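Here are my notes on this model, point by point. Have the viewer open while you read.

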Amino acid sequence: MGKVTGFLDYERKNNKDIEPKERIKGFLEFHEYLEVDERREQAARCMNCGVPMCQSAMVLSGMVTGCPLHNLIPEYNDDLWNGQYQPAVHRLLKTSNFPEFTGRVCPALCEKACINGQDGDPVTAHDNELFLIETAFREGYIKPVIPAVRSGKSVAVVGSGPSGLAAADTLNKRGHSVTVYEREENVGGLLMFGIPNMKLDKSVIERRRRLMEDEGIVFKTGINVGVDISAEDLKKEYDAVILCCGAKKARSLEGADTEKIKGIYYAVDFLSDVTRSVLKADKADAQSVKLPSKYGKIKDKHMVVVGGGDTGNDCIGTSIRLGAASVTALEMMPEPPLERTSSNPWPEWPKVKKTDYGHEEAIEVFGKDPRIYETTVKSYITDKRGKLTKIEIVNVGFEKGKLVMKEGTEKIIPCDVLLIAAGFTGCEPYTARAFGTSLTSRGVVQTTEGAYDTGVPGVFAAGDMHRGQSLVVWAVYEGRSAAGQVDEYLMGYRA
């Protein structure tokens, strides 16, 4: 590598964050970037390790570590250290369609497998990636790449989340004519409506959309395939169809009747409504955000979030920005250790406690970590109008592999709004059924094992709709891989 002793000479430095009390005033992204010289030093920490597991995507103990896209991390770090930004970006884009998305929201599986992490701190591959792609856009390296020759084949992509966008981008570069159908008013899927603006500013998505349109991709928004347009019409009009509709069928909680009890909402619906409101308001001023009337004002309300994943954390940060009086996060699983245990060695995915931005903000604002572990909701208490006012919580544990409530541990806490962030049970089935595809027991589209064809001629599935709820980086991988199979289906060979 460019500086053989870099990992010894320089300590890890992350991008800095704006202080919690300042950043919660609005919905702007809150990361502050290192100076260029400091970023180059971070790239210099990448070792000439011989076997770069950072780009391997290995399955160890049932969990993946290393980049699913197999990004050329040592290579782009070497270029970055040497100030060769354009070659670094070229290497990055060979494997990744949208580094500006993964550089913001990916949990950095690459860094968990970095050999520097065995005895110290891993390389900042995630922040380096973001620096490179933003430098590329700023310096004009990123320009529309219009295929010189068109294949004469057409593809419809249903859904414009990360998998749909990746499939569309990949197929367009192969010369196929691609049209993307999206039922919402904006493209992006969970990138647009599932991830808050402070993690991924929506202008970043619009910038990519404009580039893809300049390259020849057509976006049709506000069209619900299977409702507004039939599956049969799409199959007649296009040579192939890829279903990338996500896995938005939310998992509920026992007794949480969202129709009868006012104040219980699914987390992604809440985050989507907040994003729509943020886009209409001043993103730098949280007080200007006006939610739909069904929520009332979040200010001074007691919020409870059920679920400990990224979505739950996003709900915490969002609720604080909207002025909540308190935020409590319930997690059924035990509290993880702060450091790796002997049964979870490097380079396995580290099963340790992660304190994310929302948790940090809650600690700053309320003086304590909002998470309560091994706890769930036992019952819901409403007023005479059916409005939620309190919940009864109870400790839980696992006995013989089954979750049980521990009697005698019940406690009542105030709760005006309860957000369910308990994951998803698969795709919304109506689109899949419209195309005649089958669903698995996990609620996702059935395909040939290890592939993306559904058994219906010319119809493929990718992303969360195929894989189940997962990360943005896996969605991009799925879109790219499905595009390769569609290309082979259309042309008789794969590029």
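1. Let's start with H4, which is mostly covered: seven of its nine residues are buried (buried is under 20% relative accessible area, exposed is over 50%, partly exposed is in between, with a 1.4 Å probe and protein chains only). Those residues are Ile 73, Pro 74, Tyr 76, Asn 77, Asp 79, Leu 80 and Trp 81. Helices here are DSSP runs of H or I with at least four residues, strands are runs of E with at least two, and both are numbered from the N terminus.

2. Before going further, the ground rules. This is a predicted model, where local features need pLDDT of at least 70 and side-chain atom pairs count only at pLDDT 80 or more, while totals for chains, interfaces and linings use all residues. Residues are numbered from 1 along each chain as its sequence is written, and side-chain values use heavy atoms, with hydrogens and water left out.

3. What covers the buried residues of H4? The cover includes helix H3 (36-44), H5, helix H7 (109-112) and helix H8 (125-139). Contact, here and below, means heavy atoms within 4.5 Å.

4. Now the H4/H5 pair. The axes of H4 (residues 73-81) and H5 (residues 85-93) come within 8 Å and cross at roughly 165°; axes are lines fitted to C-alpha atoms, for helices over the stretch in contact, and angles run from 0 to 180 degrees between N-to-C directions. That makes the two helices roughly antiparallel (under 35 degrees is roughly parallel, over 145 roughly antiparallel, 65 to 115 roughly perpendicular, and the rest oblique). The crossing of H4 and H5 is left-handed, that is, the near helix is turned anticlockwise from the far one by less than a right angle, while clockwise would be right-handed.

5. Who makes that contact? From H4 there are Glu 75, Tyr 76, Asp 79 and Leu 80, and from H5 there are Tyr 85, Pro 87, Ala 88, Arg 91 and Leu 92. By class, the H4/H5 contact has six nonpolar, no polar and three charged residues. For the classes, Ala, Val, Leu, Ile, Met, Phe, Trp, Tyr, Cys and Pro count as nonpolar, Asp, Glu, Lys and Arg as charged, and the others, Gly among them, as polar.

6. Next, the H13/H14 pair. H13 (residues 267-280) and H14 (residues 310-321) pack at an angle of about 45°, with axes 10 Å apart, and are therefore oblique to each other. Their crossing is left-handed. H13 brings Ala 267, Val 268, Phe 270, Leu 271 and Val 274 to the contact, and H14 brings Thr 311, Asp 314, Cys 315, Thr 318 and Ser 319. These residues divide into six nonpolar, three polar and one charged.

7. H14 itself is also mostly covered, with ten of its twelve residues buried; among them are Asp 314, Ile 316, Ile 320 and Arg 321. The cover of the buried residues includes helix H2 (20-23), H13, strand S10 (302-306), strand S11 (326-331), helix H15 (357-366) and strand S17 (417-420). H14 is followed by Gly 323, where phi is positive, near 90°.

8. Gly 194 is worth a click. This residue sits in the loop between helix H10 (190-193) and helix H11 (202-214) and counts as buried, at a relative accessible area of 14%. Setting aside neighbours within four places in sequence, Gly 194 is in contact with Gly 189, Leu 271 and Asp 314. Gly 194 and Ala 267 are 73 residues apart in sequence, yet 8.8 Å apart in space, C-alpha to C-alpha.

9. Finally, some backbone geometry to check. Most residues other than glycine have a negative phi, and most peptide bonds are trans. Ala 57, however, has a positive phi near 55°; the residue lies in the loop between H3 and strand S3 (58-60) and is buried at 18% relative accessibility. His 70 also has a positive phi, about 55°, in the loop between strand S4 (63-65) and H4, and is partly exposed at 38%. The peptide bond from Trp 346 to Pro 347 is cis, with omega near 5°, and Pro 347 is in the loop between S11 and H15.
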